[in-house]
Every structure is written in C-alpha cells, then in structure tokens.
Amino acid sequence: MVFSSFVFICIFLPAAFVLDRIMPNVKLKNLVLMVLSVLFYAYGEMFYVLLMILSSIINYAGALLIDKGQKKKLFLGLTVIIDLGILCVFKYTGFIIETLNSFISYGFHVPEIALPIGISFFTFQALSYVVDVYRGEVEVQKNYGNVLLYISFFPQLIAGPIVKYHDINKQIADREETSELTAKGFRRFIVGLSKKVLIANTMGGIADIIFNMTAASINLPLAWLGAVAYAFQIFYDFSGYSDMAIGLGWIFGFRIKENFLHPYGASSIKDFWRKWHVSLSTWFKDYVYIPLGGNRKGKGRTVINKFIVFFLTGLWHGAAWTFVLWGLYHGAFLMLEEVIPALQKLPKLIGNIYSLIVVVVGFVIFRAESIGQAGMMIAKMFTGMGANAEAATTISYLLNPWNVCILIVAFLFMAPVQSVLSKTNIKENGIVDKLTYVVVIVLFAWCMLRLSASTYNPFIYFRF
C-alpha cells in the first residue's frame, strides 16, 4: 500500500486516525498502531510481513541478550550478521550470482527472489536499535510490541526516513497528540502528496519516455531534459514521501526528523550530502564511518573509510552496478573536494551550478538500466549536437504547456521556500497561515482528480 493510493487515503488513513483517537492511553494507541502497521505492510506483502516480524523478534531477543552484559560483542555480532544476512539473501542473491557468472563465465542458476518492499529501511532501523542498546545510549525495550512498532511504524516503513531508535524511543512511551499538531500534520501530508502526484509523476513520465529511447533518437537537449526530469522526479518523489511520513508522524504524536534540507541548493557535493536523504547519511556516519575510524586515523584511512561508506550507500539503494557506480561517483567528488578545498569555497551561485551538474549527471547513472546506457546518456548530454528530427519531435511533444508549467514549478520549489517564509513576519495561526490550509485543500482535490484520471503512479522505492 502506498500513500498516493485511494485505498490509503480514503480507507486506511481515516480508519487509523479514528481508531487512534478513541484509544484512552498511549499503551492502547501503541497497540493499535502496531496492528495497523503490520496490516499496512501485509496488504502488499502478505508473505514478507512474516519476515519483518521475524526480524523484529530477532532484534528484540538480541538486544535482551546484549543487555545482560555477558558476551555483548558476541550477541551484537550474531544479531548484525543475521540482519545483514537476511538483507543479502533477499536483496543481493541474484546480483551476486549474476556477477559471479560474468566473471567466471559459468551459468549458475539465478534464483528469482521477490524483493520485500522497504527491507533496507526496516533492517537499518533494527540495526540502529541493537547497536544503541550495545552502546548504552538507550535502555533495552522489554515490551516486544514497542520494538515491533518501532520497526514497522507505517508512516516511514516503506520509504523512510530511517528513524534511529534513540531519536524516538521516548516518544513511543510518552507523546502528546494535539489538534494544532494534527492540523499541521495533515497539511504537511498534503504538501508531500502534491509533490509526489503533481510534480514527481509528471517528471517521471518525461524521464521514462527519454530513457526508453534508442541512442540514435536522442540528442543533447533531449538528454538533458531526461536527466533534469529524473532529478526532479526522484527529489520530489522521495522528499514528498518524507513529507507525508513526517506529517503522518505529527498526526499520531511523533516528531520525525527532517530528511531533505533543500539539497538542490547545495554549494558543493559535501554540502549536498548534508541535505540529501539526511537520515541515511547520518545512519552511515553513526554506524559505519565513525566505527571505522572516521577521520581520526590519518588521511589515507579517511579516504578508504569514505569510499567504503559511499560504496555501501550505492549498494543500499539497489542490487546493480549502476547504484554502486553512483555511490563511488559521489565518493570521488567528495575526495576531489578534500584535495581541492577551493571547490567548497566557490561563490554561492557558481558552487550551486557545479553541484547541480554533478548531481544531475550522477542521477543519470542511478536511473539507467545499465552502465552502458548511463554512458550513452552522459555522452549525449555533452556531445550530442547536431540535427535530429526524431529528437526535435519528441521535445515538442514533451514540452507541452502542462509539462512546462510543472518544470517551472519544480525549479522554483527546489529553493528553500519554506525557510524563506519562516523568516518573514507571517504569524503562526494568523490570516496568511490559515490561508495555507485553503491552498492545501485545493491541492488535495487536485491530487485526487489526477489520481483518478491517470494510471501512472510509480513507486520508485521497490529496489530499496
């Protein structure tokens, strides 16, 4: 079940809201949310919901054994190995065997294992819990239901943000649901839904057409249009889902940290990774980079540590060499900025243009079906000059008034509009603030009309 579906918007969410509100205390609210979260996942993953429950049991038991204080490292190691083993079996088995076949020219059978949606998200959350207990940063949770709720909480279960246990454990036990926070939550949800349905889906339609064309049919302008469209699609889709998750969290009394801080306004690649998918980058920093030694063991070790992190970052996103290459590509530019510090001190506009070009080209690698296709698209972006009648016809078709309008909106709202507004004299609950609720009601109606009129509503996180 995805947030931008009629089943979720018209049935699941209203039922969840009513059931939560009629519960008299936090314990019962947690029970309701736990059951609803399991049902939410089971709706689309009837078999794999058992895998998620098994994961929660393993990590619940592992944390209890770690908390006893005897052989803590052993039990932590076993739990981490099991977690990563499950992830590797279901996400990377086919990729590993295909890679082996290509290297040794042997035809090992490649099993067709369906990928459980959101497995990377809930696995990383489970790992966060056991590591936090091992480090003594949080008390072990004796109530299994609370562990299951943490791992399966439906607002961020299938598309993030990745919530670390130490950021939310106190809220599970004690939180407050207010009418003001609920109203803001619904507003934030609708803003995210609008980003997904109105902008991301439109941009996705453009990108899909261009990325499915042959090399002979693509020229420089068309290649850049496809690259920019996909960069907008993944940003507005991913940040839209994060907005919806944060809004849903507010509705049920949870404060989930921001996941996107206007990354397309970054002035360097280092700055980009401070603002893009913040929950993932901080997870790798806390649980991989720092334990590896961070930057405390000399420049050589720092370089190695960063490349390990970005290799894993790419691999986390999908079982394909395109994702690995994308991660290493970003790692290489981070290293370049370390070697040439001036790249991090460019004038803001020049730095922004530089980072945008690097990021957009990188997303071509991310989107491509193969490294060969990525190379072809990037080559077209920089060398695809010359007349091309088919490309000209395609551009004319794609740049219709609706698509042009959405491209302009996507460009404008990649800027920190919300941050700028927050610095103005607009009073909370004032007339302008209240007018925003009128705007989101209109946006909500528009989204519902678009969803009812179109069957194109891709879910791009199935690989995650």
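**View 1. Residues around the largest cavity of the predicted model.** The lining of the largest cavity is made up of Leu 149, Tyr 150, Phe 153, Gln 156, Val 163, Ile 168, Ile 172 and Phe 254, in a model that is predicted. The space inside the largest cavity comes to about 50 Å³, and the search returns 1 cavity of 30 Å³ or more. Helices α6 and α7 each contribute at least two residues to the lining of the largest cavity, and by class that lining holds 7 nonpolar residues, 1 polar residue and no charged residue.

View 2. Gly 160 and Pro 161 are joined by a cis peptide bond, for which omega is about 0 degrees. Pro 161 belongs to the loop that runs between α6 (144-152) and α7 (165-173).

**View 3. The second largest pocket and its lining.** The volume of the second largest pocket is about 750 Å³. Its lining consists of 24 residues, of which Lys 270, Tyr 289, Lys 306, Phe 310 and Leu 334 are the closest to the centre of the pocket. The elements that give two or more residues to this lining are α10, α11 (278-292), α12 (299-317) and α13 (321-339), and the most come from α12, with 7 residues. Sorted by class, the lining of the second largest pocket has 10 nonpolar, 7 polar and 7 charged residues.

View 4. In soluble globular proteins, nonpolar side chains tend to be buried together. The largest nonpolar core of this model comprises 146 residues, and those with the most contacts inside it are Phe 8, Tyr 264, Trp 276 and Phe 363. Helix α9 gives the most to this core, with 18 residues. When neighbours within four places in sequence are left aside, Tyr 264 is in contact with Ala 231, Phe 232, Ile 234, Phe 235, Phe 272, Trp 276, Asn 352, Leu 356, Val 359, Phe 363 and Met 414.

**View 5. Lys 195, a buried lysine in helix α8.** Helix α8 spans residues 179-211 and includes Lys 195. Lys 195 counts as buried because its relative accessibility, 17%, falls under the 20% cut-off. With residues up to four places away in sequence not counted, Lys 195 touches Ala 200, Tyr 236, Ser 239, Gly 240 and Asp 243.

View 6. Lys 71, a residue other than glycine, has a positive phi near 55 degrees, and its place is in the loop between α3 (48-67) and α4 (72-104). The relative accessible area of Lys 71 is 62%, so this residue is classed as exposed. For His 262, again a residue other than glycine, phi is positive and near 55 degrees, and the residue is found in the loop between α9 (220-251) and α10 (269-275). His 262 has a relative accessibility of 23% and therefore counts as partly exposed.

View 7. Across the whole structure the search finds 0 disulfides. Cys 447 is in no disulfide, and the nearest cysteine sulfur, that of Cys 10, is 12 Å away, whereas a disulfide would require a pair of sulfur atoms within 2.5 Å. Cys 447 counts as buried, at 0% relative accessibility, while Cys 88 counts as partly exposed, at 36%.

How values were computed: Residues are numbered from 1 along each chain as its sequence is written. This is a predicted model: local features need pLDDT of at least 70, side-chain atom pairs count only at pLDDT 80 or more; totals for chains, interfaces and linings use all residues. Side-chain values use heavy atoms; hydrogens and water are left out. Helices (H or I, at least four residues) and strands (E, at least two) are DSSP runs, numbered from the N terminus. Buried means under 20% relative accessible area, exposed over 50%, partly exposed in between (1.4 Å probe, protein chains only). A nonpolar core is a set of buried Ala, Val, Leu, Ile, Met, Phe, Trp, Tyr and Cys residues joined through side-chain atoms within 4.5 Å. Contact means heavy atoms within 4.5 Å. On a 1 Å grid over the protein atoms alone, a cavity is a set of points where a 1.4 Å probe fits but cannot get out, and a pocket is an open set with protein on both sides within 12 Å along at least five of seven lines; lining residues have an atom within 4 Å of a point. Grid points are joined across faces, edges and corners, and a volume is the space filled by probe spheres set on the points. Ala, Val, Leu, Ile, Met, Phe, Trp, Tyr, Cys and Pro count as nonpolar, Asp, Glu, Lys and Arg as charged, and the others, Gly among them, as polar.
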